[in-house]
Amino acid sequence: EEIEQKVWIALDEMIRLMQAAVNGNVPIPSQLLGLLPITTQVSAADDYWPQGFQLDSYASQLEAKNAEIGTYTKTPFVRVSLCESYPSTRRANRLSYAVWILLNTLLANVGATGYPTQQELLELDSTRERLELACTHLESINAVLRRA
């Protein structure tokens with residue numbers, strides 16, 4: 001779970017840095033927010049997420065509004081952590097693929113090279129490897145955004 005937490009923290013930082021760069025809101029895919037662990041299940045929110053972490057409040061807002069998500073068909077926003085039949089290992093595995101939809105788009109838009117292809121991601125042996133690679137790329141993006 002530690003690497004999953006690091007990915008979420010780096011993703012949160014990236015969103016905040018992007019919002020500061022554009023001086024406005026940056027859309028966050030609700031499919032990603034649905035994978036965010038619910039802190040009451042892992043520990044107290046203050047202990048689990050660093051000060052200023054915003055993704056948890058974004059997910060909570062979607063829950064409170066009973067938001068519906070989807071482009072063509074609308075379904076209620078649900079955090080998979082609420083489903084007993086959806087274990088944390090499955091959630092982390094799904095995140096290890098889903099985060100790349102966002103990362104590949106960002107990396108391609110800035111002309112970055114050296115990031116993995118979809119096939120290379122599929123060929124990685126473990127969820128941990130995909131999450132570690134995502135964390136590395138998120139930290140690289142964040143370093144560039146901090147300098148901007």
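## Basis and criteria

A residue is called buried when its relative accessible area is under 20%, exposed when that area is over 50%, and partly exposed in between, with a 1.4 Å probe and protein chains only. The model is predicted, and local features therefore need pLDDT of at least 70 and side-chain atom pairs count only at pLDDT 80 or more, whereas totals for chains, interfaces and linings use all residues. Residues are numbered from 1 along each chain as its sequence is written, and side-chain values use heavy atoms, with hydrogens and water left out.

## Overall fold

The chain has 8 helices and 2 strands, where helices (H or I, at least four residues) and strands (E, at least two) are DSSP runs numbered from the N terminus. Their order from the N terminus is α-α-α-α-α-β-β-α-α-α.

The radius of gyration, taken over C-alpha atoms with a globule rule of 2.2 Å times the number of residues to the power 0.38, is 15 Å, which agrees with the value near 15 Å for a compact globule of 148 residues. Of the 148 residues, 41% are buried. Among contacts (heavy atoms within 4.5 Å) with a separation of 6 or more, 65% are between residues 24 or more positions apart.

## Charged side chains

Counting Lys and Arg as positive and Asp and Glu as negative, with His and the chain ends not counted, the chain has 12 positive and 17 negative side chains. A salt bridge is a side-chain nitrogen of Lys or Arg within 4 Å of a carboxyl oxygen of Asp or Glu, and by this rule there are 7 salt bridges.

## Pairs involving helix α1

E2 and K6 form a salt bridge with their closest N and O atoms 3.5 Å apart, and both residues lie in helix α1 (residues 2-22), 4 residues apart, or about one turn of the helix. E2 is exposed at 52% relative accessibility, while K6 is partly exposed at 41%.

R146 and E13 also meet in a salt bridge, at 2.9 Å from N to O. Because R146 lies in helix α8 (residues 127-147) and E13 in helix α1, this pair ties together parts that are 133 residues apart in sequence. R146 is partly exposed at 48%, and E13 is partly exposed at 22%.

## A buried pair and its network

R79 and D56 form a salt bridge at 2.9 Å, N to O. R79 lies in the loop between β2 (75-76) and α6 (88-109) and D56 in helix α5 (residues 55-64), so the pair ties together parts that are 23 residues apart in sequence. R79 is buried, with a relative accessible area of 2%, and D56 is buried at 15%. D56, E63 and R79 are linked in a network of salt bridges.

Technical notes
Charge placed at Lys NZ, Arg CZ, Asp CG, Glu CD.
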